[in-house]
Amino acid sequence: MTLLENKSAEIPAPREITTKPRVSDRIFRLIVTSVGALSVTILTLIGLFLASRGFATFKEEGLSFITGFEWQQYTDDAGNRVSNLGIGAMLIGTILISIVALVVAVPLSVFCALYLTFYAPPRIKSALVTVIDLMASFPSILFGMWGYFILMPSAEYWAKLLYKYLGWIPVFDVKAPLFQRSPFIAGLVLATMIIPIVTSVSREVFSQTPLDRIQAAYALGANKWSVIKTVALPFGANGIVGGSMLGLGRALGETVAVYTVLNIVYAPNFQVLFGAGGNVASHIISYWSDATEYETGALLGAGFVLFLMTLIVNFSADFIVNRAVTKGK
Amino acid sequence: MPSKPWQRTPREILPSLAILFLSLILVIGVVEFTGMKGKLAYIGLFIPVGTAAQFFWSLYKYGMKAAKDVIASSIMMTGAIAVFLPVVSILLTTFIKGLPGISISLFTNDMGKASFTDPVGMGGLLHSLVGTLYLILISVLISVPMGLLTALYLTEIRGPGSRFIQFMVQAMSGVPSVVAGLFIFSAVILTTPLDTSGFVASLALSILMIPTVTRASQEVLLLIPNDLREAGLAMGATQWRTVAMIVVPAAKSGLITASILGVARIAGETAPLIFTLGGADKLNPNPVNGLQSALPFYIWTGFRLGTQESVQRSWSAILVLLVVVLTLFTLARVLGSNSKVAK
């Protein structure tokens with residue numbers, strides 16, 4: 001009976017085939033996408049807030065906020081606020097320290113990365129990789145204290161040697177024999193901080209060197225050095241540049257380690273061995289606690305300049321590294 | 001016939017070891033009898049002298065090409081040693097300088113009744129330790145979901161913007177910590193009624209932690225085989241259920257590692273705290289109301305005061321902080337290696 005009824009019943013229309021996601025999926029996608037856009041939002045907000053707080057300073061100081069070598073403000077007899085705020089000297093210091101850090105860190109890191117990729121026995125390799133990762137997770141204040149109490153005595157001696165033998169080069173000259181707390185020593189501390197970054201990026205790129213090219217070189221009778229020179233270095237050149245720029249990004253914005261080691265003096269100083277200098281980040285924290293409201297705005301503006309600098313450096317670094325890594329695949 | 005003909009035989013290794021030994025003796029002699037100063041002089045002199053000796057030996061024995069190879073390998077080795085030395089020095093220093101100040105009272109007292117310049121036995125860092133734990137807890141609560149969801153967007157949804165967002169996440173991981181602190185200061189403390197507190201400081205730390213968590217989780221999620229996702233979808237699961245019940249559980253230990261790496265990134269951050277934390281001498285268990293301290297802040301204060309006692313306090317606090325970081329790092333390593341075995 002039921003059978004018959006079923007037969008006479010109409011055949012149900014075929015279910016509509018759709019690629020439209022279900023409601024639960026749409027909610028899921030909405031949540032994940034909106035959080036995914038968070039990084040963009042935060043970066044934009046950082047730029048907006050710092051720029052708007054520093055806007056008053058930018059307007060008043062104009063271009064001399066970037067190029068000015070003075071940082072002073074006071075109230076004159078008539079009760080007007082006189083201000084002359086510029087971060088030029090600190091920008092010079094930032095670049096000087098970062099250059100020292102890069103000059104020391106990049107060769108060492110590249111050698112270390114090459115050693116890890118081509119020379120190290122597996123056990124030493126994994127141990128060293130762990131050590132380098134560990135180094136990357138040390139707090140910056142630890143680097144600062146170490147630099148101040150342990151590295152400084154040795155580095156002061158190295159600085160004196162440099163001055164003695166290379167003092168005729170303007171960069172290594174000093175105004176007065178004051179070798180402690182110099183940009184040179186701060187640069188050395190920063191170098192130890194960026195070595196893990198540069199090493200791990202270069203190592204990653206070197207490890208992607210196509211195996212067939214390496215084997216081809218060996219088959220042609222190359223020894224290890226020839227393989228490195230003719231295959232690995234040309235292949236990894238972009239990776240080294242990109243890794244160094246990532247390191248540079250870190251070095252530009254480092255605050256506490258530089259503040260700890262360096263003798264912060266607001267004056268343009270090109271002499272790396274002379275014990276005075278500063279960078280933008282350490283300038284911000286050293287003036288922070290006593291800052292007036294207007295000065296606080298100026299310091300936030302300085303933060304904005306620093307943010308832009310690191311952003312540009314990091315963007316180009318990522319661009320170069322990504323190109324280097326995808327080339328190998 | 002040797003089974004591995006490319007390896008150097010003992011007869012080839014022995015002369016070069018002998019040469020290294022001779023140059024070591026030479027270097028020790030030179031350093032002892034001339035006016036050179038410092039322990040690093042031994043290393044600084046031994047490396048070039050040893051390299052040169054090796055160079056001439058292989059030049060004499062095997063020719064120019066092999067000699068260049070020797071120089072290159074010795075330079076690479078020097079690079080590795082030079083990278084390794086500071087780590088050893090940093091670890092040793094921290095333990096040697098920090099241990100004398102470690103006592104039980106350090107962990108049970110705060111600085112409410114003592115000042116930094118008092119003898120080291122008085123007062124302690126309980127308030128900072130608690131503060132740091134709060135900072136870590138709140139930052140984890142904010143950053144882990146955010147970081148994980150961003151990583152899911154990049155690996156599971158792969159929307160049209162994912163390349164761009166990937167780029168932005170990398171740029172965000174390069175934001176200097178001082179800028180993160182300044183941003184939270186201007187966006188929260190200047191704009192909203194909230195004042196400096198543990199919670200506000202955690203917001204600043206989260207900015208630094210989110211990209212770390214995102215990038216580490218993304219790497220783990222990319223390792224999950226696509227077969228698993230396809231199997232889930234073929235069983236009729238929606239994407240949401242595939243992700244929640246298959247992908248994320250499969251990547252669990254790796255995701256925990258990612259969170260730990262994020263915590264290790266922020267545990268010792270000092271610069272953002274200067275703008276956002278305020279700092280306190282007393283234990284304050286409320287992260288939303290009132291001032292709190294944190295280990296990096298404690299170290300910072302002690303260092304800036306610069307007396308013998310306060311610096312000793314800083315070293316002890318650094319040791320505590322380093323132990324925290326090392327523990328986290330080891331945890332991340334162990335869990336990370338487990339997750340690779342499970343694969």
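The model is predicted, so local features need pLDDT of at least 70 and side-chain atom pairs count only at pLDDT 80 or more, while totals for chains, interfaces and linings use all residues. Residues are numbered from 1 along each chain as its sequence is written, and chains are lettered from A, with ligands numbered from 1, in the order in which they are written.

**Domains**

Chain A has domain 1 (23-85) and domain 2 (88-291 + 309-328). For chain B, the assignment gives domain 1 (10-100) and domain 2 (126-342).

| Domain pair | Distance between C-alpha centres |
|---|---|
| domain 1 and domain 2 of chain A | 29 Å |
| domain 1 and domain 2 of chain B | 41 Å |

Within chain A, 5 residues of domain 1 are in contact with 4 residues of domain 2, where contact means that the C-beta atoms, placed from the backbone, lie within 7 Å. The domain 1 side of that contact in chain A has 3 nonpolar, 2 polar and no charged residues. In these classes, Ala, Val, Leu, Ile, Met, Phe, Trp, Tyr, Cys and Pro count as nonpolar, Asp, Glu, Lys and Arg as charged, and the others, Gly among them, as polar. In chain B, 6 residues of domain 1 are in contact with 6 residues of domain 2. There the domain 1 side divides into 3 nonpolar, 2 polar and 1 charged.

**Where the chains meet**

Between the chains, 69 residues of chain A are in contact with 69 residues of chain B. Helix α3 (residues 38-61) of chain A supplies the largest share of the chain A side, 10 residues. Helices here are DSSP runs of H or I with at least four residues, strands are runs of E with at least two, and both are numbered from the N terminus. By class, the chain A side comes to 46 nonpolar, 17 polar and 6 charged residues.

One helix pair spans the two chains: the axes of α2 (residues 23-36) of chain A and α5 (residues 126-157) of chain B come within 8 Å and cross at roughly 110°. Axes are lines fitted to C-alpha atoms, for helices over the stretch in contact, and angles run from 0 to 180 degrees between N-to-C directions. That makes α2(A) roughly perpendicular to α5(B), a label for angles of 65 to 115 degrees; under 35 counts as roughly parallel, over 145 as roughly antiparallel and the rest as oblique. Residues making the contact include R29(A), I31(A) and V32(A) from α2(A), and M146(B), L149(B) and Y153(B) from α5(B). By class, this contact has 9 nonpolar, 3 polar and 1 charged residues.

**Inside chain A**

Helices α5 (residues 88-119) and α8 (residues 183-207) of chain A pack at an angle of about 40°, with their axes 6 Å apart. α5(A) and α8(A) are therefore oblique to each other. The residues of their contact divide into 23 nonpolar, 7 polar and 1 charged.

T75(A) stands opposite R81(A), and Q72(A) stands opposite N84(A). Between the strands are 5 residues, and G79(A) takes a positive phi near 90° in this hairpin.

Technical notes:
Domains from an automatic or database assignment. Contact = placed C-beta atoms within 7 Å. Pairing = 2+ DSSP bridges.
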